[in-house]
Amino acid sequence: MSRARKRSASTTAGREPGAGIGRRSALGLMGAGGLLTAGGAAAGVLGKDLVLPAAEPEGTGALALDGSGTAAGDLTVPTYAPSGRRPRHRRATWSEQFQEGHEWRPGGAGTASAELSDTEVFTRGDRSCRVTTHGDGVQSFVRRTGMEPVDLKGRMIRLVLRVDDTAHLDRMEFYLGSRELKDNFSWAFHHHAAKGANYVQSGEWVTVHLQWADVSGAAGRCALSSRGVPSVRSGFTDMSFGVYDDGKGAMTYHLQAVELVPDTTDVFPKGVVSITFDDSHRSVHDLARPVMDRYAMPGTLYNIADAIGAEPFMTVGQMRSLQDSSGWEMAGHAYSLKAHDKSYPELTAKEVDDDFRKLREWLVSNGFTSEHFAYPHGAFRKTRDGVPVDLLAARHFTTARSIISETSESFAPAMPYRLKALTGVNDGSKLGGETLSELVDAGGPLDRCALGGDWLILCLHRIVEGAPAVSTELSTKGLDRLMREIDKRGIEVLTVQEAMGYYA
């Protein structure tokens with residue numbers, strides 16, 4: 001489902017480095033070496049309670065990855081651990097952490113019970129807010145009205161939440177407004193899929209960033225222009241966190257924090273686009289590169305090591321040419337083509353971890369020092385033996401990209417091992433995915449990126465000279481149009497490594 005379609009489902013209710021030189025030049029001077037530190041190990045996934053890594057005394061590398069102390073099997077110590085240069089945590093300028101004395105209240109016909117001061121399940125302080133739904137598909141909410149007016153100019157919203165069991169979760173929304181929410185903007189930020197990757201998973205603390213680029217609806221005196229510009233960004237007195245179950249059973253959710261944090265419109269007033277390609281297709285070198293070179297726009301290529309040198313994939317020499325001559329990033333997608341095709345959740349934790357380790361070894365041994373990764377098929381659910389794939393990714397890489405696009409990505413990412421990306425961009429007819437016109441037309445993701453200052457990550461696959469036949473193909477003509485539209489809006493194009501290096 002495209003981002004545009006997901007938005008329609010909503011209901012009512014720093015400074016630059018290198019003074020005197022351009023941003024791309026400053027990032028180029030940092031180079032890959034600027035992202036590496038000796039012996040750094042990933043600390044885990046933002047928004048989860050976990051211990052990582054924790055080697056056994058005898059040095060077997062057995063890790064407790066599920067937060068319960070249960071070993072996930074003997075995992076080999078990574079040859080190349082990530083640098084640990086995670087994005088800087090943005091401190092809140094306004095915060096409600098649902099500790100004792102907060103003035104939020106539960107409501108909605110969909111609410112069966114609530115504990116406003118739950119001391120059993122929390123991740124900050126000593127309590128959180130807990131609500132259980134009726135199971136009838138009607139909205140349940142936690143809300144506060146009549147607050148001192150808040151200003152969202154140059155700010156985004158940060159939510160910290162948890163769903164005990166997502167089996168009956170349908171969707172989540174957030175409202176910001178005034179006059180008892182008669183005037184409001186709304187964000188439909190999560191629609192739970194029965195199949196495929198979900199940003200919100202059972203029993204995990206999840207962090208979500210909501211930006212102006214992702215507003216999905218407006219009511220009353222609040223309005224959005226045809227290009228997605230909000231009519232007002234300050235003076236808000238009301239907030240509401242809304243949850244819908246699927247109408248087939250009750251569910252329990254927890255709200256730990258609602259905060260305002262600085263966005264990056266002062267640094268990137270027109271946002272950033274990262275153009276990424278999955279699977280190492282030779283067409284990226286032969287057809288995409290000449291188009292992107294004309295605009296001096298680099299890409300991030302997520303590679304399958306085992307496929308390199310075989311048809312229809314690139315050679316190592318072509319990868320090096322992209323990196324050394326055109327400034328592209330050579331990142332990781334899988335070591336084994338078999339593991340890629342099967343998908344990591346169908347493997348054991350040891351099989352996945354071994355694939356990660358071999359991939360990093362292959363990349364580094366061939367001169368590719370990117371610490372960034374994209375999940376095969378976007379899947380980061382638990383492995384066959386119950387270990388979350390994103391926790392394994394954190395042992396080897398600094399970020400991991402999904403294909404979730406309910407909202408765009410932010411600086412810094414809310415959860416760097418679940419980077420959001422818009423996939424299936426094509427200029428075909430009735431192929432599914434996201435059509436090029438949906439992306440570039442007025443009010444589409446490109447406009448919202450340019451006007452909201454967010455980070456739009458695009459996931460492409462094959463480039464073709466004629467008309468595309470499937471949603472994973474984009475024509476050279478369509479790619480040129482995409483580059484032209486980005487250039488026309490003045491949006492900066494950065495590789496994932498550059499973007500993350502800037503905010504580490």
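The following dialogue concerns a predicted model of one protein.

Trainee: On what basis are residues numbered and values computed?

Mentor: Residues are numbered from 1 along each chain as its sequence is written, and side-chain values use heavy atoms, with hydrogens and water left out. In this predicted model, local features need pLDDT of at least 70 and side-chain atom pairs count only at pLDDT 80 or more, while totals for chains, interfaces and linings use all residues.

Trainee: How many helices and strands does the protein have?

Mentor: Helices (H or I, at least four residues) and strands (E, at least two) are DSSP runs, numbered from the N terminus. Counted in this way, the protein has eleven helices and 28 strands.

Trainee: What percentage of the residues count as buried?

Mentor: A residue is buried under 20% relative accessible area, exposed over 50% and partly exposed in between (1.4 Å probe, protein chains only). The protein has 504 residues, and the share of them that counts as buried is 58%.

Trainee: What is the accessible surface of the protein, and what percentage belongs to carbon and sulfur atoms?

Mentor: Accessible areas come from the Shrake-Rupley method with a 1.4 Å probe; for residues, only the protein chains shown count as cover. The surface comes to about 18800 Å², and the part belonging to carbon and sulfur atoms is 48%.

Trainee: Is helix H9 largely enclosed or largely open?

Mentor: Helix H9 covers residues 445–452. Its buried residues are Pro445, Leu446, Asp447, Arg448, Cys449, Ala450 and Gly452. Because seven of its eight residues are buried, H9 is largely enclosed by the rest of the structure.

Trainee: How are the axes of H9 and H10 arranged?

Mentor: The two axes come within 10 Å and cross at roughly 25 degrees; such axes are lines fitted to C-alpha atoms, for helices over the stretch in contact, and angles run from 0 to 180 degrees between N-to-C directions. Angles under 35 degrees count as roughly parallel, over 145 as roughly antiparallel, 65 to 115 as roughly perpendicular and the rest as oblique. H9 and H10 are therefore roughly parallel.

Trainee: Is the crossing of H9 and H10 left-handed or right-handed?

Mentor: A crossing is left-handed if the near helix is turned anticlockwise from the far one by less than a right angle, and right-handed if clockwise. For H9 and H10, the crossing is right-handed.

Trainee: Which residues make the contact of H9 with H10, and what are their classes?

Mentor: Contact means heavy atoms within 4.5 Å. H9 contributes Leu446, Asp447 and Ala450, and H10 contributes Leu482, Glu485, Ile486 and Arg489. For the classes, Ala, Val, Leu, Ile, Met, Phe, Trp, Tyr, Cys and Pro count as nonpolar, Asp, Glu, Lys and Arg as charged, and the others, Gly among them, as polar. The contact thus has four nonpolar, no polar and three charged residues.

Trainee: Which residues of H3 and H10 meet, and what are their classes?

Mentor: The axes of H3 (residues 282–294) and H10 (residues 476–489) also come within 10 Å, crossing at roughly 25 degrees. Leu287, Ala288, Val291, Met292 and Arg294 of H3 meet Thr476, Leu479, Asp480 and Met483 of H10. By class, this contact has six nonpolar, one polar and two charged residues.

Trainee: Is Arg179 buried, partly exposed or exposed, and which is Leu181?

Mentor: Arg179 is found in the loop between strand S10 (169–178) and strand S11 (183–191), and Leu181 is found in the loop between S10 and S11. Arg179 has a positive phi of about 55 degrees although it is not a glycine, and Leu181 has one of about 65 degrees. Most residues other than glycine have a negative phi. At 39% relative accessibility Arg179 is partly exposed, whereas Leu181, at 6%, is buried.

Trainee: What separates the C-alpha atoms of Phe185 and Ala218?

Mentor: Phe185 lies in strand S11 and is buried, with 0% relative accessibility. Ala218 is 33 residues apart from Phe185 along the chain, and their C-alpha atoms are separated by 4.4 Å.

Trainee: Which residues does Ala92 touch, not counting residues up to four places away in sequence?

Mentor: Ala92 is found in the loop between strand S2 (71–74) and strand S3 (94–96), and it is partly exposed at 32% relative accessible area. Its C-alpha atom is separated by 8.5 Å from that of Arg158. The residues touched are Arg158, Glu259, Leu260 and Val261.

Trainee: What is omega for the cis peptide bond that joins Glu311 and Pro312?

Mentor: Pro312 is found in the loop between strand S18 (300–304) and helix H4 (316–326). For its cis bond with Glu311, omega is about 0 degrees.
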